[in-house]
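Please open the structure in your viewer and keep the sequence beside it, so that each selection on this tour can be followed in both places.

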Amino acid sequence: MISERVRAHYERLWGPPARQAFFRKGPHAVHVFKWDRDAHPDEVYFYATAGASDHPLPGLDAAHRMEVYVGFTAAVDGVAETLADIALHPVLHGTALGHGHGIAYPAPLWPGTAMDTALLVLPPADEEIVPRLDAGPEAHVEFLQVMPLFPSEAAYRRLHGTAGLLARWDEDRVPYWNPHRPPPAFAP
C-alpha cells in the first residue's frame with residue numbers, strides 16, 4: 001500500500017510520530033500522525049495523514065496521489081478528525097483536491113475555534129515542507145498544506161482568490177500557523 005510508504009517517508013523526515021489516530025469512513029480508512037514540536041525543524045506540532053494516497057484522485061492521472069498536513073504552534077489534537085475527512089474527501093465525494101481548493105464545513109474545524117474552512121495549498125518548491133514522494137512507478141504523492149480559515153477569510157478568498165488571500169496574509173503578517181489567532185481585522 002502506498003500509505004505505508006508515506007508513513008516511512010514521514011519517519012525518515014522526523015522519526016516516529018508521538019501519537020496516531022485511525023479513522024474509518026465506510027470501507028475507507030486513514031491514519032493521522034502527530035509529531036511534537038521538538039521533532040519538527042519548524043518547531044510546530046505537525047499533523048499528517050496516510051491513507052488518501054491509496055486511492056487515485058478522480059479525474060486525474062491514476063499515478064497522482066495526495067496526502068494532507070497542518071502545523072501549529074500549539075497542539076490541537078482535535079484537528080485530527082477534520083484532517084481525516086479532508087484526506088478522504090476525494091474518494092468519498094468523487095472530486096479531486098489540489099492547490100487552491102477549499103472545503104467549508106458546517107461546524108468548526110476543531111473544538112474551540114471559529115475557523116470553519118480548510119484551504120489546501122501546495123507550497124512552492126523553495127518552501128516545500130513535505131517533499132513529494134515518488135512511490136514507485138505506479139504513483140507519486142503530493143502533500144497539501146491545510147490552512148484553516150475564519151468565515152471572513154473564506155469570503156475574502158471567494159472574492160480575491162487563493163493568491164489574493166495569501167498576499168493579504170503576507171501583507172498583514174497573519175500567523176496562520178497559530179491555532180489561537182484572532183479573526184482578521186479585514187473584511188471581504
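A pocket, in the sense used here, is an open set of grid points where a 1.4 Å probe fits, with protein on both sides within 12 Å along at least five of seven lines. Keep in mind throughout that the model on your screen is predicted.

**First stop: the second largest pocket**

Begin with the second largest pocket, which has a volume of about 210 Å³. Select Met1, Ser3, His31, Ala50 and Asp54, which among the 15 lining residues are the closest to the centre of this pocket. If you then colour the lining of the second largest pocket by class, you will find seven nonpolar, five polar and three charged residues.

**Second stop: the largest pocket**

Now move to the largest pocket, which holds about 390 Å³ of space. Select Pro124, Glu127, Met147, Leu166 and Tyr176, the closest to its centre of the 16 residues that line the largest pocket. Then show β8 (140–149) and α3 (151–172), the elements that give two or more residues to the lining of the largest pocket, and notice that α3 gives the most, with three residues. Which classes of residue make up the lining of the largest pocket? Colouring by class shows 11 nonpolar, two polar and three charged residues in the lining of the largest pocket.

Notes
Residues numbered from 1 in each chain as written. Predicted model: local features only at pLDDT ≥ 70, side-chain atom pairs only at ≥ 80, totals over all residues. Heavy atoms only, no water. 1 Å grid on protein atoms, 1.4 Å probe; cavity = no way out; pocket = protein on both sides within 12 Å on 5 of 7 lines; lining within 4 Å. Points joined across faces, edges and corners; volume = space filled by probe spheres on them. Helix = DSSP H or I, 4+ residues; strand = E, 2+ residues; numbered from the N terminus. Nonpolar A, V, L, I, M, F, W, Y, C, P; charged D, E, K, R; others polar.
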